[in-house]
Amino acid sequence: MPHHTLSPRQYLILATVAICAPLGDTCLSRGMNTLPPISLAHPATLIAAVFTPWIAAGIALLIGFFASYLTALSWADLTFVLPATAFGNVIVALFARFWLHEAISLERWAGIALITLGVGFVAQGPSLTERPPAELSASETLKLDDSKHVETSTNAALVEKEPVR
Amino acid sequence: MTTPAQGVWSAVGMIACVVVASTIGEVLTAAAMKSIGDLDDIRAHSGLKGAIRAVVTCPLFFCGVGFLALAFFSLLFALNHLNLSLVAPACASLTLVTNAVAGKFFLKENVDRRRWTAAVLVCIGVYLLAH
């Protein structure tokens with residue numbers, strides 16, 4: 001049975017995706033800005049950049065993001081997960097405003113309002129597209145097989161109870 | 001020395017590389033995860049090792065990760081040449097729209113009016129927020 005409504009645990013996974021992605025990108029940006037310009041003639045310098053502290057921290061956050069993102073994609077549509085997790089941008093902006101005391105322009109407040117509206121829109125709908133039975137996933141087929149076993153064993157029990165004619 | 005027009009086209013090219021690689025990677029990864037099934041159920045049934053095994057034995061997943069890695073290195077390259085205030089909103093907002101189109105046509109997801117509206121609102125919102 002497809003999941004149309006999310007459990008609190010699934011909301012927590014979406015929140016992890018939303019928070020880790022923008023924080024990871026910010027760390028990457030800070031790390032890359034401290035490096036000299038990299039040219040395509042020396043691609044090995046991009047690999048060396050991976051081992052600098054800010055970029056390593058960014059990669060660690062993005063690994064957390066990726067694990068949560070894969071989990072979310074296993075029970076929700078891509079077109080549900082992407083807008084729903086965009087709320088992370090709003091969290092980072094609010095974090096910058098109220099903790100770092102950065103100024104937020106009218107344009108940015110408008111952006112926050114639009115993202116919040118968009119997330120509200122998508123979160124009210126179903127998280128997964130219904131598929132015909134032929135397209136059921138491996139785990140769902142497994143569950144069906146399990147239920148068949150239960151059904152078969154129940155039938156066998158009934159047959160045992162019936163008197164032999 | 002590059003002219004302003006060449007600079008604009010190289011910025012467009014770098015952003016396009018990130019968006020295209022990211023969209024292909026996300027669609028392939030989403031298709032892989034759908035073919036594997038609900039990871040929470042697999043973990044409940046076979047434990048964390050079983051869930052990891054289910055993911056790492058799926059070839060489609062590695063194709064997706066390959067394209068996501070390409071998108072990642074394209075992003076690093078773009079960040080090294082362009083401002084974050086241009087790269088981040090452009091890539092994030094364009095990827096939302098290209099993923100909605102790709103989700104509809106390649107993953108056969110039900111992208112109804114609600115999801116289109118959400119994608120467009122978030123796309124404009126991300127642009128305004130990060131510009």
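Start by selecting the place where the two chains touch: the contact takes 40 residues from chain A and 44 residues from chain B. Two residues are in contact here if their C-beta atoms, placed from the backbone, lie within 7 Å. This is a predicted model, in which local features need pLDDT of at least 70 and side-chain atom pairs count only at pLDDT 80 or more, while totals for chains, interfaces and linings use all residues. Residues are numbered from 1 along each chain as its sequence is written, and chains are lettered from A and ligands numbered from 1 in the order in which they are written.

**Stop 1: the chain A side of the contact**

Keep chain A selected and color the residues that touch chain B. The biggest contributor is α6(A), with 12 residues. By class, this side of chain A divides into 24 nonpolar, 11 polar and 5 charged residues. Here Ala, Val, Leu, Ile, Met, Phe, Trp, Tyr, Cys and Pro count as nonpolar, Asp, Glu, Lys and Arg as charged, and the others, Gly among them, as polar.

**Stop 2: each chain in cartoon view**

Chain A has 7 helices and 0 strands. Helices (H or I, at least four residues) and strands (E, at least two) are DSSP runs, numbered from the N terminus. Of the 165 residues of chain A, 33% count as buried. A residue is buried if 20 or more other C-beta atoms lie within 10 Å of its own, exposed if 12 or fewer, and partly exposed in between, with C-beta atoms placed from the backbone.

Now switch to chain B, which has 5 helices and 0 strands. The C-alpha trace of chain B spans about 60 × 35 × 25 Å along its principal axes. Buried residues make up 47% of its 131 residues.

**Stop 3: a helix pair across the chains**

Select helix α3 (residues 53-75) of chain A and helix α2 (residues 39-56) of chain B, which pack at an angle of about 125° with their axes 13 Å apart. Axes are lines fitted to C-alpha atoms, for helices over the stretch in contact, and angles run from 0 to 180 degrees between N-to-C directions. That angle makes α3(A) oblique to α2(B); angles under 35 degrees count as roughly parallel, over 145 as roughly antiparallel, 65 to 115 as roughly perpendicular and the rest as oblique.

Show the side chains next: A:Leu70, A:Thr71, A:Ser74 and A:Trp75 in α3(A) meet B:Leu39, B:Asp40 and B:Val55 in α2(B). This contact has 4 nonpolar, 2 polar and 1 charged residues.

**Stop 4: the largest nonpolar core**

A nonpolar core is a set of buried Ala, Val, Leu, Ile, Met, Phe, Trp, Tyr and Cys residues joined through C-beta atoms within 7 Å. Of the 78 residues in the largest one, A:Val17, A:Ala72, A:Leu73, A:Ile115, B:Val18, B:Cys91 and B:Val122 touch the most other members. Helix α1 (residues 4-36) of chain B gives the most to this core, with 12 residues. Center on A:Ala72: leaving aside its neighbours within four places in sequence, A:Ala72 is in contact with A:Ile13, A:Leu14, A:Val17 and A:Val81.

**Stop 5: a loop residue**

Finish at B:Lys108, in the loop between α4 (84-105) and α5 (113-130) of chain B. B:Lys108 counts as exposed because it has 11 C-beta neighbours inside 10 Å. The phi of B:Lys108 is near 55°, a positive value in a residue other than glycine.
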